[in-house]
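Please read the following account alongside the sequence and the structure.

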Amino acid sequence: MLERRFISFLRRSPSTSEKVVAEEGKAKTWGRRLVSGTLICLTGGVALSALDDLSIYHSCSRKALEKASNNKTIIDAIGEPVVRGPWYNASLAVAHQRKSVSCTFPVSGPQGTGIFQLKAVRNGEEKWTSFLRPSDWEILIMEALVHVPGNEEKQQTFRIRVSDDLLLPASNACTDCASQESSCSVEKK
C-alpha cells in the first residue's frame, strides 16, 4: 500500500504553485548566468587593457633605456648599467587612440638613481593584433631627473635633457622676407 501511494505521488501532475516555483527557478538561473557572463566579459576587458598598458610601458621604457645608455651625461651621473625600476612605481598616460604616450618611471645605476620622463608617439599602423607584439615608439621628448648621493656637501640632483642631437640642415636664404633678415634666421642646436 505504501508503494502504491509513492507511485501515485510520482505520477501525479504538478500543481500550479509548483509550476510557478519551477519557472521562477529557471528565470533566476538565466539571470545569474547573464550577470556572471557580463562580469567575466568586463574582467576580461580590463585585463586586456592592463596587459596592453604594460606592453606599452615596456616598449617605451626599453627605448628610453637604449637612448640613456648612449648619453654620456647620464652614464657619468648614475653609472652603467642603467636599470629600470619596478613597473608599479611608473605612471603612464596614453592618448590619441593609444598612439601617443607620456611615461614616467624610476631608474637606478651604481652611482645614483633617477626618474625618466618621456613623451613618445607610435610608429606604424594600429591593428587588432598589435597588443600581441611590442610596438615601435619614437621618443619626442625625454628628460632625466638624476640624484647622485654623496657626502652632505656632494649630494647632487640635476635635470638632464636627452636628445638625439640631430643636426638641422643649413638655413637657406629667406626669399619672402629679404628686408627682415634677422627674423628669418634658423637656430641651430
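**Fold, core and charged pairs**

Three helices and six strands make up the secondary structure of the chain. The model is a predicted one. Read from the N terminus, the order of elements is α-α-α-β-β-β-β-β-β. Helix α2 covers residues 16-69, and helix α3 covers residues 72-78.

Confidence comes before detail. The average pLDDT of the chain is 75, and 65% of the residues reach at least 70. In residues 166-189 the pLDDT is below 50, and this stretch makes six contacts in the model beyond near neighbours in sequence.

Some totals describe the chain as a whole. Of its 189 residues, 22% are buried. The accessible surface amounts to about 14,400 Å², with 57% of it belonging to carbon and sulfur atoms. When contacts between residues at least 6 apart in sequence are considered, 49% of them join residues at least 24 apart.

The interior can be taken next. In soluble globular proteins, nonpolar side chains tend to be buried together. Here the largest nonpolar core has 26 residues, and the members that touch the most others are I74, V82, F105, F116, L118 and M142. At least two residues of this core come from each of α2, α3, β3 (100-108), β4 (113-123), β5 (136-148) and β6 (156-162). I74 shows how such contacts reach along the chain: leaving aside residues up to four places away in sequence, I74 touches A68, G79, V82, F116, A144, I160 and V162.

L48, L51, L54, W87 and Y88 form a nonpolar surface patch, and together they have about 570 Å² of accessible area. One of these residues, L54, is found in helix α2. The relative accessible area of L54 is 32%, so this residue is classed as partly exposed; a residue must exceed 30% to belong to a patch.

The charged pairs remain. Side chains of opposite charge can pair when their charged atoms come close. The count of salt bridges is four. One of them joins K63 and D136, with the closest N and O atoms 3.4 Å apart. This pair links distant parts of the chain, since K63 is in helix α2 and D136 is in strand β5, 73 residues apart. Both partners are partly exposed: K63 has a relative accessible area of 30%, and D136 has one of 40%.

A salt bridge connects E143 with R159, the closest N and O atoms being 2.9 Å apart. Because E143 lies in strand β5 and R159 in strand β6, the pair ties together parts 16 residues apart in sequence. E143 also forms a salt bridge with R161, where the closest N and O atoms are 2.9 Å apart. R161 is in strand β6 and E143 in strand β5, 18 residues apart, and this pair too links distant parts of the chain. Through shared partners, the salt bridges join E143, R159 and R161 into one network.

Is E143 buried or exposed? Its relative accessibility is 15%, so E143 counts as buried, the limit being under 20%. R161, in contrast, counts as exposed because its relative accessibility is 57%, where exposed means over 50%. The E143–R161 salt bridge therefore pairs a buried residue with an exposed one.

Key
Residues numbered from 1 in each chain as written. Predicted model: local features only at pLDDT ≥ 70, side-chain atom pairs only at ≥ 80, totals over all residues. Heavy atoms only, no water. Helix = DSSP H or I, 4+ residues; strand = E, 2+ residues; numbered from the N terminus. Buried < 20%, exposed > 50% of the residue type's maximum accessible area, 1.4 Å probe, protein only. Contact = heavy atoms within 4.5 Å. Areas by Shrake-Rupley, 256 points an atom, 1.4 Å probe, with all protein chains shown as cover. Patch = residues over 30% accessible without salt bridge, like charges linked within 9 Å, V, L, I, M, F, W, Y side chains within 5 Å. Salt bridge = Lys/Arg side-chain N within 4 Å of Asp/Glu carboxyl O. pLDDT = per-residue confidence, 0-100. Core = buried A, V, L, I, M, F, W, Y, C linked by side-chain atoms within 4.5 Å.
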